[in-house]
Amino acid sequence: MEIGTAILMIGFAALVAAFCLLVIGLVFSEVMNAEIPPGVASRGKLQVMHCCMVGIEVMGRILERLGLCHQVHFTRWWTGCILGRKRPSPAGLRIKDSTFAGVPVRIYEPTAVSEHKRRGLMYFHGGGWVLGSIDMYDGVCRHIARKSDTVVVSVGYRLAPEHRFPAALDDCELATRHFLSVAADFNVDPLRVALGGDSAGGNLAAALSQRLATSPDGHQPSPCGLVLIYPALQMADFNLPSYQQNHAVPVLPRARTVFYYLQYLNGDMSVCQDVLEGRHVPAELKLHYSKWLDPSNLPQEFQDGTQKQVVTAHDGEVYHIVKGGLEPGISPLLAKDDVLRLTPPTFILTCQYDVLRDDGILYRKRLQDLGIKVTWYNVPDGFHGIMSFYRKGWMSIPAGVKAMEQIVSYIKTL
């Protein structure tokens, strides 16, 4: 009996060891494929954070293959545990969880007496429309509310893959329209309510601004400004210089960007490689978009070290699957001029080592060409996701603090 038990224990230990070796091997392989340029801020921290995130993704992938849980759900749970710890309300700020038109929100109100009505900010968190939560961005919203004396409403919109487009955008619209209707209850001037967000949240802010402008409510004012933090703005071209230069830079490599877009759109991952290669856009549309997406529209310093894109033949079947992603609701950079002319004054923050950098810069050019006032700041040593780690203990980095200073400074002008 004792021999049998010993054999079972040895067998179990061998299986555990084999599993651990498999995970370590997969994580090592993924980490080795990453590239962290010398100019990136806090390279050591980024390397450690990247290892942790890859480990979570690999474990989720294995568990999904075993049929135990969905990879996205596992990743969402772990990132929430690491980045979404709740803290008590600080002095000078009243924080309350509520719902606006059925959408979960968290409201951050400065408690100091104000002689005038305050400005408001609707904040839509990042996370590729798949990850992220109100809790994960609690530190960001607290800081903005306190330092800019602004009532901030953080919106907990529905996430993919459970809820595809346009669920997230619909939630953001419902919450925004509700807040505009009750702004006076929070001592907020409805004429001074801006929309903002980072990454996918920046996409939602830009897309919502266009939706509100083209379907106005006669009883509600339009947003007074946009705050777009390294926004994802188009699904037409994943070979822009920033995608080439930063294709393997954590925490958002090029292929992962397409993964998030497809999860948000319809979940069809079979076309991922075709989208990366540009086979999803017909020749006539490529020609139409080129006036907005041509790399020559970028400042010269952002074009250096890139190769001229090879023109690929489009695949009609792939286009049919993803054509919805080329509509302004998902790709606000591709909206018509008449719609973009209705954009309020806009702040755009980009990061040098981010695949989405050129989306923000090209959006800036489109808006400026149409006479829209744009304030742009590029974080020279920043990478995608720096705001996700803001005030997260050892994970916080100086580039994120620098970015936050610029954001708060702009919001104070609204």
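Is Arg391 buried, exposed or partly exposed? Select it and look: with 45% relative accessibility, Arg391 counts as partly exposed, because that value falls between the 20% and 50% cut-offs. As you explore, keep in mind that this is a predicted model.

**Stop 1: two positive phi angles**

Stay on Arg391 for a moment. You are in the loop between β8 (374–383) and α14 (398–411), and phi of Arg391 is near 55 degrees, a positive value in a residue that is not glycine. Most residues other than glycine have a negative phi.

Now select Ser199, in the loop between β5 (188–198) and α6 (200–214). Here again phi is positive, near 55 degrees, and the residue is not glycine. Ser199 counts as buried, at 8% relative accessibility.

**Stop 2: two cis peptide bonds**

Next, go to the loop between β4 (150–155) and α5 (167–182), where you will find Pro161. A cis peptide bond joins Ala160 to Pro161, with omega about 5 degrees. Then move along to Pro166, which is also in the loop between β4 and α5. The bond that leads from Phe165 to Pro166 is cis too, and its omega is near 10 degrees. For context, most peptide bonds are trans.

**Stop 3: aromatic rings**

Show the side chains of Phe, Tyr and Trp. There are 15 aromatic pairs in the structure. A pair of this kind is described by how far apart the ring centres are and by the angle of the planes.

Begin with Tyr123 and Tyr137, a tilted pair with 6.1 Å from centre to centre and 35 degrees between the planes. Tyr123 belongs to strand β3 (residues 118–124), while Tyr137 is in the loop between β3 and α4 (138–148), so the pair ties together parts 14 residues apart in sequence. Both Tyr123 and Tyr137 are buried.

Then select Trp129 and Tyr264. Their ring centres are 4.5 Å apart and their planes are at 0 degrees, so this pair is stacked. Trp129 sits in the loop between β3 and α4 and Tyr264 in helix α8 (residues 254–265), so the pair ties together parts 135 residues apart in sequence. Trp129 is buried, at a relative accessible area of 2%, and Tyr264 is buried as well, at 1%.

**Stop 4: charges over rings**

Select Arg256 and Phe259. The charged end of Arg256 sits over the Phe259 ring, 4.6 Å from its centre. For another example, pick Arg366 and Trp292, where the charged end of Arg366 sits over the ring of Trp292, 3.8 Å from the ring centre.

**Stop 5: two crossing helices**

Now highlight helix α2 (residues 43–65) and α3: their axes come within 8 Å and cross at roughly 145 degrees. The crossing of these helices, α2 and α3, is right-handed. To see where they meet, show residues of α2 including Ile56, Met59 and Leu63, together with α3 residues including Phe74, Trp78 and Ile82. By class, the contact of α2 with α3 has 6 nonpolar, 3 polar and 3 charged residues.

**Last stop: Pro88**

Finish at Pro88, in the loop between α3 (71–83) and β1 (93–100). Pro88 counts as exposed, at 69% relative accessibility.

How values were computed:
Residues are numbered from 1 along each chain as its sequence is written. This is a predicted model: local features need pLDDT of at least 70, side-chain atom pairs count only at pLDDT 80 or more; totals for chains, interfaces and linings use all residues. Side-chain values use heavy atoms; hydrogens and water are left out. Helices (H or I, at least four residues) and strands (E, at least two) are DSSP runs, numbered from the N terminus. Buried means under 20% relative accessible area, exposed over 50%, partly exposed in between (1.4 Å probe, protein chains only). Rings of Phe, Tyr and Trp (its six-membered ring) pair if their centres lie within 6.5 Å; planes under 30 degrees apart count as stacked, over 60 as edge-to-face and the rest as tilted. A charge sits over a ring if NZ of Lys or CZ of Arg is within 6 Å of the ring centre and within 35 degrees of the ring normal. Axes are lines fitted to C-alpha atoms, for helices over the stretch in contact, and angles run from 0 to 180 degrees between N-to-C directions. A crossing is left-handed if the near helix is turned anticlockwise from the far one by less than a right angle, and right-handed if clockwise. Contact means heavy atoms within 4.5 Å. Ala, Val, Leu, Ile, Met, Phe, Trp, Tyr, Cys and Pro count as nonpolar, Asp, Glu, Lys and Arg as charged, and the others, Gly among them, as polar.
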